Amino acid sequence: MKTTITLACAGTALVLVACASLPSSAELDAQAQAMMKASFRDQGIAKVDRIQQDLGQSACSSDKPPPEAVSKQVEKEAMASIKPPSDGRYLGDWKRGEALAQNGRGMTWTDASIETKANGGNCYNCHQIDKKEISFGTIGPSLWNYGKLRGVLNPDDPASKPIVDYTWGKLWNSKAYSACSNMPRFGHAKLLDEGQLKDLMALLLDPKSPVNQ
């Protein structure tokens, strides 16, 4: 009996020592950061600085949603980052926008340049764009009849301005409306230029666009 008790106590002591020696969350985070830095290198246009997280990314990388105050701060900073079109015109060519929406290329280390002209919007990967599509992503809502459902009969009509502004802002920096949005921040991250964003706007809001038929 004495031997059994001794062994039990020894086992308990070992467990307690093991628990006491476990690394803290901060130490684990530091180890993960070190591993990330050691595992990646600059190659082509892809630089290691891509793994550096801003507030929105770090707040939403946890296994738990960020506190409300942090979410509000992320959204406030994102909203402040949105830049309206330099010429005040929000819509471009829906045909070019459709091609962009169906193009998933860009920002890979094999690309020769960081210029946005080679990039696509990759919209199809998360959204339905056309009713004829048989394969599309479902992470985001369907974009079918996007402008029509929101009552945008004339994008230049002052009555349409709230939807036009919202759509531009969502494309520019989606975290302005949802701190942990999965949508790429096309304008903020310089994934697409102003002209390309205008073309996507036309795809979504031009009454003549097939999206709104």
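Is E115 buried, partly exposed or exposed? In this predicted model, E115 counts as partly exposed, at 44% relative accessibility. Its side chain meets that of K117 in a salt bridge, with 3.6 Å from N to O. K117 is exposed, its relative accessible area being 67%.

The chain contains eight helices and zero strands, in the order α-α-α-α-α-α-α-α. The radius of gyration is 24 Å, well over the 17 Å that the globule rule gives for 213 residues, so the chain is more spread out than a compact globule. The C-alpha trace spans about 90 × 40 × 40 Å along its principal axes. Of the 213 residues, 32% count as buried. The chain exposes about 13600 Å², and carbon and sulfur atoms supply 59% of this area. Among contacts between residues at least 6 apart in sequence, 57% join residues at least 24 apart.

The chain carries 25 positive and 23 negative charges, whose mean positions lie 2 Å apart. The number of salt bridges comes to 10. One of them pairs D54 with R185, with the closest N and O atoms 3.1 Å apart. D54 lies in the loop between α2 (25–39) and α3 (55–59), and R185 in the loop between α7 (161–172) and α8 (194–205), so that 131 residues separate the two. D54 is partly exposed at 28% relative accessible area, whereas R185 is buried at 13%.

A salt bridge also joins D199 and R96, at 3.0 Å from N to O. This pair links helix α8, which holds D199, to helix α5 (residues 94–101), which holds R96, across 103 residues. D199 is buried, with a relative accessible area of 6%, while R96 is partly exposed, with 49%.

Note on methods. Residues numbered from 1 in each chain as written. Predicted model: local features only at pLDDT ≥ 70, side-chain atom pairs only at ≥ 80, totals over all residues. Heavy atoms only, no water. Helix = DSSP H or I, 4+ residues; strand = E, 2+ residues; numbered from the N terminus. Rg over C-alpha atoms; globule rule 2.2 N^0.38 Å. Buried < 20%, exposed > 50% of the residue type's maximum accessible area, 1.4 Å probe, protein only. Contact = heavy atoms within 4.5 Å. Areas by Shrake-Rupley, 256 points an atom, 1.4 Å probe, with all protein chains shown as cover. Lys, Arg positive; Asp, Glu negative; His and termini not counted. Charge placed at Lys NZ, Arg CZ, Asp CG, Glu CD. Salt bridge = Lys/Arg side-chain N within 4 Å of Asp/Glu carboxyl O.
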